[in-house]
Amino acid sequence: MLKALNAVIIIYLLAPILVVVATAFTTTAYPVFPPEGFTFRWFEKFLASREFVESIKVSALLATSSTFIAAILGTSSAIALTRFPIPGKALISALLLSPILFPTIVLGLALLVFSTRIGLSGTFLNLVCAHVVLITPFVIRMVMVSLARFDPAIEEAARNLGAGRWRTFFLITLPLIRPGVLAGSVFAFILSFDELVVTLFLTAPGLQTLPIRIYTYVEYSSDPTISAISTALIAAWLVIGLPVYARFLSVRR
Amino acid sequence: MTWDLELRGVTKRYDGGGAPAVDAIDLGVESGEFIALLGPSGCGKTTTLRMVAGFVVPSAGRILLRGVDITDVPPHRRDMGMVFQNYALFPHMTVRGNIEFGLHSHKVGKEETARRVARALGLVGLTAFEKRYPRELSGGQQQRVAVARVLALDPKLLLFDEPLSNLDAKLRGQMRHEIRKLQKEIGVTTLFVTHDQDEALTMADRVVVLNQGRIEQIGTPVEIYEHPQTRFVADFIGTSNFLAGSVSGGGDDPVFTTPGGLRVALTGSPAREASGVLAIRPEKIEFVESDVPDRIEARISDVTRLAGMIEYVLTLHTGDAIMIREQRRPGVEERASGALVAVRWRPQDVRFFAG
């Protein structure tokens, strides 16, 4: 009974993905399900499009740099919030996690106003800064979970055995909270790569991310190129992301 | 004399006021000595240990190691080896990695490191386990790794924070002997925190009994047990009967009297005309025949059978109640509840505490 329910839920969750993948191979000029015939034409069209390929580069560079910065900022904030007697800690924690709850459209507008004021608008750096604001809370969350399970005596033992603060951090603390840092970073990367609303406010010519390119594309066209791109992204996740995920985040220790 | 480790007026007050966790402790430890810090939870024993290790900064007082003031030295420069309650092994390193960590931190050369790891593993009998991870070891083995890890560094001082409390009773007894034997072999000065009086009394050269951040008594296990200096020590260590009453008579023959009229001769010279309690340990009281002088008549009101001994609660003819224990051995019959008996104790085995 429970097994059957389980199967139904899984099918319900995965069905949209299967539909998207299937429609990527249809020979019709618009996505249909079930697909008619079989062709790689939409993949060819996608890869031949300079704009799409260019936007993937922009998105990858943006997600990578934002994630890198968010990982460092998020990890240090999580440690500070867990370990140190900071006044107003609960309030700070709540505020740091507020972008998760905040309507992104409001955040996008606010960031646009702010970046125009400080003269950063229209630059790649501006997008990185905005994405860091959006994704760092996820890193903080995940690292805090790791730290909560961490016995502080282990760090004290390292100090006692003659290791200074930095040596203790890099050889003991960081390896032990690595699952949290990696999980947070994976989420942060996906979030940044996929981000549309805030980016839409801050984008500029030459700064077209993949979600924006897709968004503008579907405004004028409805051929299965979009399905092909989605399928390629799913494939990329299965080939690159999932093994990393399984390797570092599966049940260890 | 110069102490190996010396605490001078060491105090720890936490923010938010209240009584200090540790209140002006003075303690001198001789070289090679095994000192147990004993007390109930919250007595300040762990805070004291953590101040010696450098993890807690004292609010006042100085800590000296071999005559050098180390109060402001960070923990990683104190050359002390600490064994933690949960062992605090590095879960992502093998047994060998755990032991090498400290040697690498101290920039010990490659050959010397290998030699010291081998020696430390040999000392605790874990040579065959060097490639295991902590999670692949039993509690006792993890404990040994924690000990080996600090011994490899030839520390000036060994610190133990309730290291045996997570082991089962049998293993605990075994580890007591092992740690004690190892400590004697190496001759390293040791501070051992415990709330377990058996542990303190069997392992330590001297026991420091702490209560509410203050030292109640410092002494050898025998002194602590046989000659408790405060009511707290008499109560906390072992079991004591306490009888409330007052001392009168003064002079050379002070006599303690309970409200029920029980009169007990005291040795020594307690304050005259003081009220307080009389403490006597159950095993210091013996049953005697009904014609022995100085006997006290009593009736057995309760019998409890324990392993190896029987515990009786007696109601004395004065109405005072005391507890007495008798070993089970050949020729000793179990006494029945309600029976009339006579008991006696030696004057030097009772202590009077005023207040």
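The contact between the chains takes 16 residues from chain A and 19 residues from chain B. This is a predicted model. Helix 8 of chain A gives the most to the side of chain A that touches chain B. Each chain has an assignment into domain 1 and domain 2, for chain A and for chain B.

**Contact between chain A and chain B**

- On chain A, two helices each supply at least two residues of the side that touches chain B: helix 8 (152–160) and helix 9 (165–194).
- Helix 8 of chain A contributes six residues to that side, the most of any contributor.
- The side of chain A that touches chain B has eight nonpolar residues, five charged residues and three polar residues.

**Domains of chain A**

- The domain assignment of chain A gives domain 1 as 18–48 + 222–253, and domain 2 as 53–220.
- Between the C-alpha centres of domain 1 and domain 2 of chain A lie 27 Å.
- Nine residues of domain 1 of chain A are in contact with nine residues of domain 2 of chain A.
- Helix 12 of chain A (residues 225–249) provides six residues of the side of domain 1 that touches domain 2, the largest share.
- By class, that side of domain 1 of chain A has six nonpolar, two polar and one charged.

**Domains of chain B**

- In chain B, the domain assignment places domain 1 at 5–232 and domain 2 at 239–354.
- The C-alpha centres of domain 1 and domain 2 of chain B are 40 Å apart.

**Helix 2 against helix 4 in chain B**

- Helix 2 of chain B covers residues 95–105, and helix 4 of chain B covers residues 139–151.
- The two helices pack at an angle of about 30°, and their axes are 8 Å apart.
- Angles under 35 degrees count as roughly parallel, so helix 2 and helix 4 of chain B are roughly parallel to each other.
- The crossing of helix 2 of chain B past helix 4 of chain B is right-handed.
- From helix 2 of chain B, the contact is made by B:Val95, B:Asn98, B:Ile99 and B:Gly102.
- From helix 4 of chain B come B:Val145, B:Ala148 and B:Arg149.
- The residues of this contact between helix 2 and helix 4 of chain B split into four nonpolar, two polar and one charged.

Key. Residues numbered from 1 in each chain as written. Chains lettered and ligands numbered in written order. Predicted model: local features only at pLDDT ≥ 70, side-chain atom pairs only at ≥ 80, totals over all residues. Contact = placed C-beta atoms within 7 Å. Helix = DSSP H or I, 4+ residues; strand = E, 2+ residues; numbered from the N terminus. Nonpolar A, V, L, I, M, F, W, Y, C, P; charged D, E, K, R; others polar. Axes fitted to C-alpha atoms, helices over the stretch in contact; angles between N-to-C directions. Parallel < 35°, antiparallel > 145°, perpendicular 65-115°, else oblique. Left-handed = near helix turned anticlockwise from the far one by under 90°. Domains from an automatic or database assignment.
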